[in-house]
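Work through the following exercises with the sequence and the model at hand. Each task is followed by a solution in steps.

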Amino acid sequence: MSRVSYVNGRYVPHDQAVVHVEDRGFQFADGVYEVLPLVAGRICHLDQHLDRLGRSLGALAIAWPVPRRVLPILLAEVVRRNRLADGLAYIQVTRGPAARNHQFPVAAVPSLVISVWPTKAVTAHQLENGVAVVTRPDQRWKRPDIKSVGLLPNALARQSAKEAGAVEAWMVDDRGVITEGAATNAFIVARDGALLTHPADQRILAGITRGNVIVLARADGIEVGERPFTLEELKNAREAFMTGSTMTVLPVTRIDGQPVGDGKPGPITLRLRALYAKLRQS
């Protein structure tokens, strides 16, 4: 069965899903997006994702393309038409098509695209052995808290990680602090046993999985510190892991070619992954 996407009021074959050549998302990266996990035919954490979409739209002064209450209906219909049980749903909203001009157009109508696709599950080998991460300079714009479609620095960092044999790049800012991954949030278990992750300020995107992991950890009696941690702290950590909608909680066992802790997924990482699996099933 061929894929179906929603584009500006129409359900169309995915290979015919197009927007106007002067759409500002194409010309200026003037748009935002959300990626939502789909588990057993159900979209997880829907309200949290729509809340964040609303914050991103507000930060860029883009109107909702349809009333918020309509988006779950459209999402459900795209999922139904694609007969997809497990995967990801993607929402993209741009300021819409307008004559090319840096200033915001007065009467542009926002563009809305919704699509879904299956994803590759985390492998048994990755869970048993963890994955490798490299560190790279954080070259993104100064508002990564807005989930903008302007992801070229992230893409360059991810490509650099792939070429180095790693699955992700964790970015280091001009303070020597780990901010986040190119497409994930970064956590470590420090030498004193505290679970650390960068605070949700304007330097990172506040991941939905990140926030839920913090809640789960605290409820389980794990000390969590939302504070910046340095590259040096990362390389001396007991454990490390990344979070994201695709992999939930994924152990990191090598940083820049060096082992994290004993080089194996740690107990706190595995505990939080198990707790998150239960959360998604609830």
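A nonpolar core is a set of buried Ala, Val, Leu, Ile, Met, Phe, Trp, Tyr and Cys residues joined through side-chain atoms within 4.5 Å; buried means under 20% relative accessible area, exposed over 50%, and partly exposed in between, with a 1.4 Å probe and protein chains only. The model is predicted, so local features need pLDDT of at least 70 and side-chain atom pairs count only at pLDDT 80 or more, while totals for chains, interfaces and linings use all residues. Residues are numbered from 1 along each chain as its sequence is written, and side-chain values use heavy atoms, with hydrogens and water left out.

**Exercise 1. The nonpolar core**

Determine which residues have the most contacts inside the largest nonpolar core.

Solution. Step 1: the core holds 24 residues, and Leu71, Ile91, Leu112 and Ile114 have the most contacts inside it. Two or more residues each come from strand 3, helix 2, helix 3 (71-82), strand 5 and strand 6. Step 3: helix 3 gives the largest share, five residues.

**Exercise 2. Aromatic pairs**

Classify the pair of tyrosine 90 and tryptophan 117, then that of phenylalanine 187 and phenylalanine 241.

Solution. Step 1: apply the rule that rings of Phe, Tyr and Trp (its six-membered ring) pair if their centres lie within 6.5 Å, with planes under 30 degrees apart counted as stacked, over 60 as edge-to-face and the rest as tilted. The count by this rule is four aromatic pairs. Step 2: tyrosine 90 and tryptophan 117 have ring centres 5.8 Å apart and planes at 35°, so this pair is tilted. Because tyrosine 90 belongs to strand 5 and tryptophan 117 to strand 6 (residues 111-117), the pair ties together parts 27 residues apart in sequence. Tyrosine 90 is buried at 18% relative accessibility, whereas tryptophan 117 is partly exposed at 27%. Step 3: phenylalanine 187 and phenylalanine 241 have ring centres 4.8 Å apart and planes at 10°, so they are stacked. Their positions in strand 10 (residues 185-189) and strand 14 mean that parts 54 residues apart in sequence are tied together. Phenylalanine 187 is buried at 0% relative accessibility, and phenylalanine 241 is buried at 0%. Step 4: Tyr33, Tyr90 and Trp117 form one aromatic cluster.

**Exercise 3. Charges over rings**

Find the ring over whose face arginine 95 lies.

Solution. Step 1: a charge sits over a ring if NZ of Lys or CZ of Arg is within 6 Å of the ring centre and within 35 degrees of the ring normal. Step 2: arginine 95 lies over the face of phenylalanine 104, 3.4 Å from the ring centre. Step 3: arginine 81 lies over the face of tyrosine 11, 4.1 Å from the ring centre.

**Exercise 4. The largest pocket**

Describe the lining of the largest pocket.

Solution. Step 1: on a 1 Å grid over the protein atoms alone, a pocket is an open set of points where a 1.4 Å probe fits, with protein on both sides within 12 Å along at least five of seven lines; lining residues have an atom within 4 Å of a point. Step 2: the lining comprises 45 residues, and Arg158, Ala183, Thr184, Thr246 and Met247 lie nearest the centre of the pocket. Step 3: helix 5 gives the largest share of this lining, four residues.
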